[in-house]
Amino acid sequence: MIMIKKIKAQISIFIVISIIIIIGTIFLIGSNEGGFDNINIFSDQKSSYKIEQFVESCLMSQTKIAQKKIGQKGGWLYYNQANKFTNRNFPSSINEKADGLDILERNKMTYWYYFDDVSKEFVINVPEFATENPLSIRNQIRRYLVENIDKECINGFQSFKEQYDIKYDRDEFLEGIKVDFDGKKIISSLKSSIEITDIAKEDSEFIEQFEITTDNKIYNQYYLGLDIIASESQNSFMEESIINILSPYQSSSRRDLLPPYQYTHIGADYAPWNVKKVEKLAKNFISSNIGQVQFLNTDYLEMEVPEQYKETDFAKGMQNLFLKDYLSEYSLIKEDDSSLFEDFKNYKVTPVYNSFFPSTFEITNSQGGLILQPKVTSMLGIPILPIYMTEYVAKYRMITPIMFEIRGNDKYNNYDFDFVIETNIVNNAPLLDINYKKDALTKLDSIEVGDSLICSPFQRISKPVKFNITDPINFGKGGVNGVDGASIKFDCKGLSVCNVGITSINKISSNGSSSEVSLQLPINCEPGTLEISKPGFSTLKINNVNPNSFDEIDLGNLEMPSQKTMKVLLNLLPETGSGREINDNEKAVVIIEDVNDENNVKTIDVDKFNKNFVTVDLGVGEYKFSGFVMMEEDFTIKGKTIEADDEEIVIDDINMTSWMSGGVELESVKIKKSDLINNEYVKIFMVDYGIPKTFDEFSASSGIMGKVKDYSQKPKFFKSKQ
């Protein structure tokens, strides 16, 4: 019995070894012959299985790529004109034609939150997440799959053409793609009949359904972004942060820092700020500090301030950037899904601003947007001894895009999600706080995407609007000339500004040339304004043009004067006596602002080197003139002894290194067509304050400065040098 058992055991071992050898041989043959498809033991399901795995791997990879691309675009991988906000006129423009934030032409992004200049409302422009809206994030993923899965992955099943003959309807294949969101999961499926014929065996199989499930990697980031918008639309926390950033860098005593929002100093200070330098500084300060704004449950860190610096303006300003709990108060998520709100702590939010972002920066109370002058006033203190006070007021206006970068803190949450908002600051305060109700939050409950065809060429079917444009300046007195390349726009009842044409020189006569225009306007508009503009020309505005008129509209002959280059003569007029030219130690700045066009600003700089060669381009219209003359030379104002109530008050000598020796301020100067056609020179008069040598002269000169408007004279035009 023992021997029989041993023999049976040996036989069993040999059988197992034989099976292993046979299977190993099959695998070896299969690998040497390029696969197992020709091996009958595996042939039952292999054809369909391979294709099924291939298609589903394409669904998986393209779904992940779509998430990445959509996250990098703030949920707006696809957007149409309805999503683009109203454009502002250049150069005060966030984006020409409202294409969203454009970072060096690489990454155009649509704003999630901005101020619409036409409707005068704040707009929340957040994409819907999982709705049936064609531009919801769910449907954008589907659209990406439809547009890319074949060309980027399937490629007509070309990689299988040597092995299988695969027949399918491509249109049915793409139409069968479906994307569903199930909580934090994405289900991508495809329903289409595919016939697979094995070329070697000539047998066929059919597959009709494919499906994959993957994590929704942008789910948390999207809702975190939604909470950020909810807070921003209620309390302007980013505008407040920018205001706080700039505050510590302000100084009344230094011109290499920013001018204060508001500050008063006893004494006289006439030194101006260069607004262009201020703009560059402000943008750099914002860029270098905006990333310090931190968020509740998003990598919050306490700021350590050395004890000796805790009471400084700089430290206080920096501490104000750390907003510990702005999300909780306005969160849309906290009550509805507390666990999701808790997940926000796994993400880091970084606000980003760069100086090359398209921004608007102005100091609105500056002269011509170029010079900011402190305001010096005098008041009578001790009898006949004036006390001077300098008031520093800088009214900042900034329209600035801020990008939010949301990043996961671990390798499992490494999908980026970026979105952009527009911040608006006017007169040193968030625009939202100025005459606007904080009701934008309610708009997040019903985000809608519409479509506007107002400006479509197919809508421009009104009766013809005709006119003839001439430039009376270009050919001089009595001559006319057409205007080539002027833009023609129509403001359609405040809803949209439509480009409806461009002028050309198309009529030549013995009297010169002209531009005849015939165009049609978009219907379904109330009477609006037709605007014709071109740089270097006066802008024409024709109001109450009715596109619904039953008759042809003939606007007749319109004059569009160009600017003329005039030679500048500068003359300083004292309170009495004849005028003078500027001295070699003086420099003059004159700013000429078009009252009806804030973008038309001319600046004249005059010094000893160029005073005989200065020119300026002037056009017909109404202008504001302002400016000053700065003398740079050491001099002394001799002191004085004053008798007051049987006491002697001794005023010491005052040593000066510079002095504002002249100025001009005219609110309205009308330049006529004849001023330009008939003349070659413009003489600009400035009030001569004088250079004080004594304390009495100092008091008198300061008095004239305070009344510069009363003493200023309007410019005059001459044919020849006067």
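Which residue's side chain meets that of K466 in a salt bridge? Here are a few notes on this predicted model, starting with that pair.

1. The partner is E552, with an N to O distance of 3.6 Å. This bridge joins distant parts of the chain, 86 residues apart: K466 belongs to strand β19 (residues 465–470), while E552 sits in the loop between β25 (540–545) and β26 (553–559). E552 is partly exposed at 46% relative accessible area, and K466 is also partly exposed, at 33%.

2. D584 and K611 form another salt bridge, their closest N and O atoms lying 4.0 Å apart. Here two loops are linked across 27 residues: D584 is between β27 (564–573) and β28 (586–594), and K611 is between β29 (601–606) and β30 (615–618). D584 counts as exposed, with 54% relative accessibility, whereas K611 is partly exposed at 22%.

3. E132 is exposed, at 65% relative accessible area, but R138 is buried, at 8%.

4. Across the whole structure, a search finds 25 salt bridges. E405, R407, D416 and D418 are linked by such bridges into a network.

5. Turning to helix packing, α5 (residues 219–235) meets α6 (residues 237–246) at about 65 degrees, and their axes are 7 Å apart. The angle range for roughly perpendicular starts at 65 degrees, so α5 is roughly perpendicular to α6. On the α5 side the contact uses I228, S231, E232 and N235, and on the α6 side F237, M238, E239 and E240. By type, the contact residues comprise three nonpolar, two polar and three charged.

Technical notes. Residues are numbered from 1 along each chain as its sequence is written. This is a predicted model: local features need pLDDT of at least 70, side-chain atom pairs count only at pLDDT 80 or more; totals for chains, interfaces and linings use all residues. Side-chain values use heavy atoms; hydrogens and water are left out. Axes are lines fitted to C-alpha atoms, for helices over the stretch in contact, and angles run from 0 to 180 degrees between N-to-C directions. Helices (H or I, at least four residues) and strands (E, at least two) are DSSP runs, numbered from the N terminus. Angles under 35 degrees count as roughly parallel, over 145 as roughly antiparallel, 65 to 115 as roughly perpendicular and the rest as oblique. Contact means heavy atoms within 4.5 Å. Ala, Val, Leu, Ile, Met, Phe, Trp, Tyr, Cys and Pro count as nonpolar, Asp, Glu, Lys and Arg as charged, and the others, Gly among them, as polar. Buried means under 20% relative accessible area, exposed over 50%, partly exposed in between (1.4 Å probe, protein chains only).
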